[in-house]
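Please look over the sequence and the model shown below before reading on. The report that follows takes up some of its strands, helices and contacts in turn.

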Protein chains: 2
Amino acid sequence: MEKKPLDQLTAAEIGAALKETKAAYDAFQAKKLSLNMARGKPGPEQLDITMPLLAALPADADPHSESGDDCRNYGLLSGITEAKKLFADILGANPDEVLVGGNSSLELMFACMQISYVKGIAGCTPWSRLDEVKFLCPVPGYDRHFAITEYFGVKMIPVPTDENGPDMATVKQYVESDASVKGIWCVPIYANPSGIVYSDDTVRAFAALKPAAKDFRIYWDNAYCIHHLAADPKKPLTINQACAEAGSEGLFYQFASTSKITFPGAGVAVMNTAKANLDEISKHLGVQTIGYDKLNMLRHVRFFGNADNMRAHMEKHRAILVPKFAAVLDMLEQEIAPLGIGTWTKPEGGYFVSFNAPKGTAKRIVQLCKEAGVTLTGAGATYPYKNDPDDSNIRIAPTYPSPAELKQAMELFCICVKLAALEKLA
Amino acid sequence: MEKKPLDQLTAAEIGAALKETKAAYDAFQAKKLSLNMARGKPGPEQLDITMPLLAALPADADPHSESGDDCRNYGLLSGITEAKKLFADILGANPDEVLVGGNSSLELMFACMQISYVKGIAGCTPWSRLDEVKFLCPVPGYDRHFAITEYFGVKMIPVPTDENGPDMATVKQYVESDASVKGIWCVPIYANPSGIVYSDDTVRAFAALKPAAKDFRIYWDNAYCIHHLAADPKKPLTINQACAEAGSEGLFYQFASTSKITFPGAGVAVMNTAKANLDEISKHLGVQTIGYDKLNMLRHVRFFGNADNMRAHMEKHRAILVPKFAAVLDMLEQEIAPLGIGTWTKPEGGYFVSFNAPKGTAKRIVQLCKEAGVTLTGAGATYPYKNDPDDSNIRIAPTYPSPAELKQAMELFCICVKLAALEKLA
């Protein structure tokens with residue numbers, strides 16, 4: 001099959017290309033692959049580099065924190081001081097404004113929304129008693145954010161995103177005029193799935209918001225804050241600094257975790273917000289738990305020592321991930337670019353490549369891949385209610401498969417993109 | 001001060017005893033103690049016996065579960081199979097009906113109530129949309145259960161308890177006639193704080209309930225299931241067996257954890273209920289977390305190997321705790337029994353001695369102790385809304401202080417009980 005834009009093909013050429021591509025697809029099906037590129041999971045070789053963490057708290061360890069508290073016992077709902085300091089350094093936050101939680105930042109995000117829903121925050125009516133509550137959802141975005149929002153019956157409003165972040169004129173319009181808009185989901189650094197880094201102007205525009213609702217909060221999910229792929233990463237303005245400059249310190253809840261720094265199943269999650277917010281959230285969190293796993297916090301602190309060592313650890317991840325992302329991007333460049341049937345991001349960090357297929361073909365591509373043994377994130381998953389109006393966006397997660405598997409999976413992916421495009425043209 | 005029943009004292013004797021007891025109290029205040037008997041916290045020597053757990057998953061460990069899953073990575077919301085088996089053995093449950101969670105069983109209880117409140121279970125209306133929801137609360141009971149219930153605005157109805165458990169006639173009457181009664185809190189083995197073990201008849205009566213509400217559940221908090229103080233512990237009927245015999249398998253949510261087996265801050269929690277219930281709960285839990293800490297599950301499984309070894313581990317706790325409970329009981333027997341100013345439990349397991357002071361003196365006793373440097377659980381805490389109608393019950397937690405501290409604290413406690421009783425008589 002000649003590599004030229006598909007829209008320049010004659011009907012006869014389309015027929016021939018379709019036949020040829022179908023044959024290539026059938027050949028792949030015969031291989032009976034079973035590969036998964038659905039989730040942003042680290043690969044085993046990434047997990048291996050963190051194994052020494054397990055020895056950082058041996059049987060003869062001193063189980064006490066800096067403050068002298070016994071980390072084996074109950075207590076210290078907001079976590080141990082040294083873990084707060086470590087994360088505060090990473091996030092550009094004040095340690096007093098940090099709560100170190102369990103193994104899941106998603107759980108902390110859920111808890112925040114649950115508290116607003118059940119109890120209400122900042123003296124406002126609990127959302128459960130309001131007729132309508134809305135959340136802004138920059139798209140494409142993270143399906144688990146959308147699932148939490150849908151769980152609480154909160155209406156999701158998609159907001160378009162460009163290379164600088166969400167369209168801030170739209171955000172401002174909603175947030176400042178509609179008191180039923182209670183929040184917005186943001187992944188400010190290496191966004192899931194687009195990989196974009198919010199520009200400093202965007203961060204400043206967030207900090208400058210004057211919400212109509214007193215209980216509006218920016219859910220700032222900084223999941224990939226130090227997860228660079230570029231050798232010389234951008235140094236974006238932090239939400240802490242922007243809000244401090246704007247005098248809007250209480251505007252955001254920031255989240256992060258070591259899920260993709262140490263272990264996804266056994267890392268440490270963190271939340272950062274203004275002291276008054278944190279005190280209010282903590283009062284409610286104290287009803288649902290006596291405290292989080294402080295030994296795992298201590299294990300992490302003793303393993304890393306400081307934030308610079310944590311950043312250095314990320315270089316090891318980078319060394320593993322750069323070739324994987326390159327494999328995906330090279331294949332797309334080689335197989336798809338000449339045909340003019342797709343655009344995609346070239347992320348400088350994070351866990352995803354966001355691929356935009358010709359309108360109306362994403363579901364078909366994911367189905368074709370599935371039927372040939374490669375599972376992708378469901379088409380539409382990157383939109384609220386799984387509704388991608390263009391049926392175009394597909395999230396590619398290159399991190400988990402081995403390089404050899406990734407090559408196969410991407411070969412198949414490119415065949416499926418072509419096949420779906422040709423089917424549509426035929 | 002002569003040791004005879006205070007109600008036989010003359011007015012003059014009361015005056016003299018008051019003076020003498022006040023002097024003893026003042027002498028204690030001068031010691032400037034700072035001791036805490038407020039919470040059921042294991043003592044440091046109990047935590048020390050579990051330190052080898054930290055070495056059970058070394059840096060060169062195979063991080064895979066029996067099923068071949070990598071415990072370091074995302075996935076397996078309900079936990080790893082071998083951990084389910086371990087807890088199933090302890091609880092007399094089917095491993096398929098077990099979910100292994102994070103470090104907090106309280107968090108799982110909260111999640112269950114949250115799901116009923118926000119989403120509704122078994123096809124029933126979410127509690128947030130009902131005018132009234134009630135929970136039965138056997139008293140005295142556990143303050144953190146009551147706090148969760150109050151959080152969701154659920155009305156708490158105290159139910160009296162005797163040495164066999166809650167008054168089942170009252171329970172049956174409420175549960176079978178009132179569809180707004182959605183649950184009951186139970187600590188069936190070594191109840192918090194009374195230490196009682198529900199009789200087999202009581203467990204059968206629970207299993208035989210025919211609730212008016214389809215979404216009624218028994219919250220069976222088996223926190224102290226293997227936490228024996230007696231050498232030859234009772235073997236009570238399990239809720240699983242009772243409900244299997246009664247054909248009421250979906251009636252209960254059972255909870256437990258290793259908080260007081262390994263580490264309170266870094267243990268593993270567990271939930272057990274009929275498969276259909278567990279599937280429904282899991283679907284909702286999957287919105288709030290991707291999964292719990294599987295490496296800590298693996299660490300626990302490799303440390304214990306099997307349930308018998310876990311039971312053997314509890315013997316080490318027993319050896320530490322028996323003298324502490326004896327110290328408390330001996331002191332009460334010696335100082336309070338002759339005066340006829342209190343009754344108390346002599347638990348065969350668990351973490352508490354439940355003390356009933358003369359009516360109207362519990363708050364005063366706790367205050368007196370506090371002002372002399374010994375913190376007790378707040379008077380009233382063992383009742384819903386912190387409202388002990390008799391102002392009588394005080395929960396004594398002997399586990400955390402050292403034996404020497406415990407002796408001092410109990411000396412002071414007895415002085416305060418006497419002082420409060422005498423003040424009332426004077």
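## A covered strand in chain A

In this predicted model, strand β13 of chain A, residues 393–396, is covered on both of its faces. N393(A) and R395(A) lie on one side, I394(A) and I396(A) lie on the other, and all four are buried.

## The contact between the chains

The contact takes 46 residues from chain A and 46 residues from chain B. On the side of chain A that touches chain B, at least two residues each are supplied by α2 (44–48), α4 (105–118), α5 (143–151), α9 (275–288) and α10 (294–304) of chain A. Of the residues on this side, α4(A) gives the largest share, which amounts to six residues. By class, the side of chain A that touches chain B is made up of 28 nonpolar, eleven polar and seven charged residues.

## The eight-stranded sheet of chain B

Chain B holds an open sheet of eight strands with mixed pairing, in the order β2-β9-β8-β7-β6-β3-β4-β5. The edges are taken by β2 (98–100) and β5 (165–166) of chain B, and because each has a single partner strand, one side of each is left without a neighbour in the sheet.

Inside this order, strand β7 of chain B, residues 217–221, and strand β8 of chain B, residues 252–257, pair in the parallel sense over four bridges, and I218(B) has F252(B) in β8(B) as its bridge partner. Helix α4 of chain B, residues 105–118, packs on the sheet and touches β6 (181–186), β7, β8 and β9 (269–272) of chain B, while its direction makes about 155° with that of β8(B).

Helix α7 of chain A, residues 200–207, has several buried residues, namely T202(A), V203(A), A205(A), F206(A) and A207(A). The elements against which the buried residues of α7(A) pack are β5 (165–166), α6 (168–177), β7 (217–221) and α8 (239–246) of chain A. With α8(A), the helix α7(A) packs at an angle of about 50°, the axes being 8 Å apart, and the two helices are therefore oblique to each other. The crossing in which α7(A) passes α8(A) is right-handed. From α7(A) the contact takes V203(A), R204(A), F206(A) and A207(A), which meet I239(A), A242(A), C243(A), E245(A) and A246(A) in α8(A); by class, these residues divide into seven nonpolar, no polar and two charged.

In chain B, the axes of α7 (residues 200–207) and α8 (residues 239–246) come within 8 Å and cross at roughly 50°, so α7(B) and α8(B) are oblique to each other. Here α7(B) passes α8(B) in a right-handed crossing. The residues that meet are V203(B), R204(B), F206(B) and A207(B) in α7(B) and I239(B), A242(B), C243(B), E245(B) and A246(B) in α8(B), with seven nonpolar, no polar and two charged residues in this contact.

## Helices α3 and α10 of chain B

The axes of helix α3 of chain B, residues 81–91, and helix α10 of chain B, residues 294–304, come within 9 Å and cross at roughly 55°; α3(B) and α10(B) are therefore oblique to each other. The crossing of α3(B) past α10(B) is left-handed. On the α3(B) side the contact is made by E82(B), A83(B) and L86(B), and on the α10(B) side by M297(B), H300(B), V301(B) and F304(B), which gives five nonpolar, one polar and one charged residues by class.

## A buried proline in a loop

P42(B) is placed in the loop between β1 (35–37) and α2 (44–48) of chain B. This proline counts as buried because 26 C-beta neighbours lie inside 10 Å of P42(B), where the cut-off for a buried residue is 20 or more.

Leaving aside neighbours within four places in sequence, P42(B) is in contact with N73(A) as well as with L47(B), K260(B), P264(B) and T399(B). The C-alpha atoms of P42(B) and I261(B) are separated by 9.2 Å, although these residues are 219 residues apart along the chain.

Conventions
Residues numbered from 1 in each chain as written. Chains lettered and ligands numbered in written order. Predicted model: local features only at pLDDT ≥ 70, side-chain atom pairs only at ≥ 80, totals over all residues. Buried ≥ 20, exposed ≤ 12 C-beta atoms within 10 Å, placed from the backbone. Contact = placed C-beta atoms within 7 Å. Nonpolar A, V, L, I, M, F, W, Y, C, P; charged D, E, K, R; others polar. Pairing = 2+ DSSP bridges. Axes fitted to C-alpha atoms, helices over the stretch in contact; angles between N-to-C directions. Parallel < 35°, antiparallel > 145°, perpendicular 65-115°, else oblique. Left-handed = near helix turned anticlockwise from the far one by under 90°.
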